[in-house]
Amino acid sequence: MRHFLRPTAFKRMLFFVFLDAVLSVLTLYFSYALRFNFTIPSEFIQSFWRVYFLLLLLKIGAMYGYKLYFTVWRFFGIHESKNLVKAHVVAYGLFGMVYLLNVESFSPFPRSVVMIDFFLSLIFLGALRVSKRILLENRDFETMTPVVILGVGGRAATIIQSAIQGEVPYYPQAIVALSNDEMTHNTYIHNVKVYPPEALEEVLLRVGAEEAILAQSLPPDVLQGWVARLNASGIRRIKKVKLLGSEHERLEAISIEDLLARHPQDLDTETIGAFIRGKRILITGAGGSIGSEIVRQCHAFGASELVLVDNSEYNLYQIGEQIASATLHLVDISDRVVLKHLIEKTRPQIVLHAAAYKHVPLCEANPHSAVHNNVLGSKNVIDLSIEAGAEKLVIISTDKAVRPTNVMGATKRVVELYAANVDSWRTEIVAVRFGNVLGSSGSVIPKFQSQIERGGPVTVTHPEMTRYFMLIPEACQLVLQAAAIAQGGELFLLDMGEPVKIVDLARQMIRLYGKEDEIEVIFTGLRPGEKLYEELLIDEHEQKTQYDSILIARPMHCDISQLTRDMDALMDSDDVPRELRRIVPEYTPDNVEREPSDKE
């Protein structure tokens, strides 16, 4: 029985054809009745049925042609109403032509009945189709969550329509404009009043809204202001409209990434495209947070061949599922023999080196592994790329390489020095240094999310700890953009915006979850190798490029022969911190924190 009642396109068509037939006989009879003052002479009964069946056939055919029988009932709107009128004009027009060619076969027939029935049929058949929307739009909203919409425009109208049609469990009670535009004040969108920005607190108090929906995109700094106002008024659940593809949208909660994201204004996709398009590219660490996004960007910008290298089977599998055309190689970059064979076989034009151990406490606890992977592995990638004649090699570095206080940062600084001073022959080698990316594996955001979902507490190492943040896609695009303009030997710095206090980030995330009265923040103390402040510049001699988001630091020149000997000693040393200090004098393996300075 349940299967029989399940709606299908065919059942919908039969349903409407049947009701159209019933309504059409009623409208035609009522037309005759109006024409003859509700006393229809018996001689007109025979023509009644002839007229009815012909009109019904023509109407069904015309409405079928205009796809009115395929429209979902609750989505019948203005476009469908226009088609209903067109179908009637076609059907009754054809009926008039048939009548004029066969007048005798319809006699006796009062022609005015046709005009009366035209309007009655439009009214009754149209009312049938709009009835479900009327019922939906007048249903009881008491069980739905009252919300205030922020922003005026098409998305606000779409949210209201979705609420009316029961697609989202919300009851929009007011719209608050995000800017003072007189065109939006004292107006209504789908019967919901629009208020000016300064009226937000008053509106929230008056309508008793429990949530807010952001219907327009805002820069992170502006969004933070609105979120603060909503939080101060007791609104903790805030959603935004996210565009899926070119047409589809959905509602999702405002995330910490939305509040911290820095969107560079000078992304040059044409330059990136010209750099990547048609190139054979090898990417190490291709399954990691940064590496996998670089893979996706290279694929999107038209790389002819993608050679993906990673030592994690699962991570490599995951990115391989997303980019089916890529070739996957389960290779450890510290294995020079296997890596050499791969690079000689694939002959990449561009090598993007993102493979590294990045987790500071783990590298601090396992210094030999960190050196083996970060230094030896990177040296292999650099040497073999040069041997294979790669056009360009891009080293992904980190802000932790600046005046490092940990093994991870010191190993990355060693790689920067080697990349800047090695005899690169025809290969242009460039390093790109940036800070934390939002949502990467091992970052604080997933950790805080997990702690909040478990009920707390949220742990922060130090109340003064600050970090730079950027979204992964934008950081990776800037890396490719920097690589595109590189001429070899540069150390590029990405402008990461203003640093953020980690404790402020934690509290903001707790507020976004609406649990600031339930979850506390506790401080656990700095872990081995951690710094309070991350720095992107090593001195004041950075140079500007044509892009404000990309700067060039002056690389440190050194004797490559001595550096190579020191690196060999580092690989064999039992005292990794001591050998790292020999290569990187500014490396201080302790937790004695210094304020950032202009010069070392």
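Reply: A crossing is left-handed if the near helix is turned anticlockwise from the far one by less than a right angle, and right-handed if the turn is clockwise. Helices here are DSSP runs of H or I with at least four residues, strands are DSSP runs of E with at least two, and both are numbered from the N terminus.

Me: And what kind of model is this?

Reply: This is a predicted model, in which local features need pLDDT of at least 70 and side-chain atom pairs count only at pLDDT 80 or more, while totals for chains, interfaces and linings use all residues. Residues are numbered from 1 along each chain as its sequence is written, and side-chain values use heavy atoms, with hydrogens and water left out.

Me: How many helices and strands are in the protein?

Reply: The protein has 22 helices and 22 strands. Of its 600 residues, 51% count as buried, where buried means under 20% relative accessible area, exposed means over 50% and partly exposed lies in between, with a 1.4 Å probe and protein chains only. Among contacts (heavy atoms within 4.5 Å) with a separation of 6 or more, 75% are between residues 24 or more positions apart.

Me: Which residues of helix 11 and helix 19 make the contact?

Reply: Helix 11 contributes Thr-271, Ile-272, Phe-275 and Ile-276, while helix 19 contributes Gln-477, Leu-480, Gln-481, Ala-483, Ala-484 and Ile-485. By class, this contact of helix 11 with helix 19 has seven nonpolar, three polar and no charged residues. Here Ala, Val, Leu, Ile, Met, Phe, Trp, Tyr, Cys and Pro count as nonpolar, Asp, Glu, Lys and Arg as charged, and the others, Gly among them, as polar.

Me: What about helix 16 and helix 21, at what angle do they cross?

Reply: The axes of helix 16 (residues 367-387) and helix 21 (residues 560-572) cross at roughly 145° and come within 10 Å, and helix 16 passes helix 21 in a left-handed crossing. Val-371, Val-375, Leu-376 and Lys-379 of helix 16 meet Thr-564, Met-567, Leu-570 and Met-571 of helix 21. That contact has six nonpolar, one polar and one charged residues.

Me: New topic. Which residues of helix 8 are buried?

Reply: In helix 8 (residues 200-207), the buried residues are Leu-200, Val-203, Leu-204 and Val-207. They cover an arc of only 100° around the axis, which puts them on the same side of helix 8; the arc is that of the directions from the helix axis to the C-beta atoms.

Me: Is Ser-121 buried or exposed?

Reply: Ser-121 counts as buried because its relative accessibility is 0%, and its place is in helix 6 (residues 112-137). Leaving aside neighbours within four places in sequence, Ser-121 is in contact with Thr-27, Lys-59, His-88, Tyr-92 and Gly-126.

Me: Last one, the backbone. Where is Phe-38?

Reply: Phe-38 lies in the loop between helix 2 (9-35) and helix 3 (45-65), and has a positive phi of about 65° although it is not a glycine. With a relative accessible area of 55%, Phe-38 is exposed. Elsewhere, Gly-456 and Pro-457 are joined by a cis peptide bond with omega of about -5°, and Pro-457 is found in the loop between helix 18 and strand 15 (458-460).

Key
Axes are lines fitted to C-alpha atoms, for helices over the stretch in contact, and angles run from 0 to 180 degrees between N-to-C directions.
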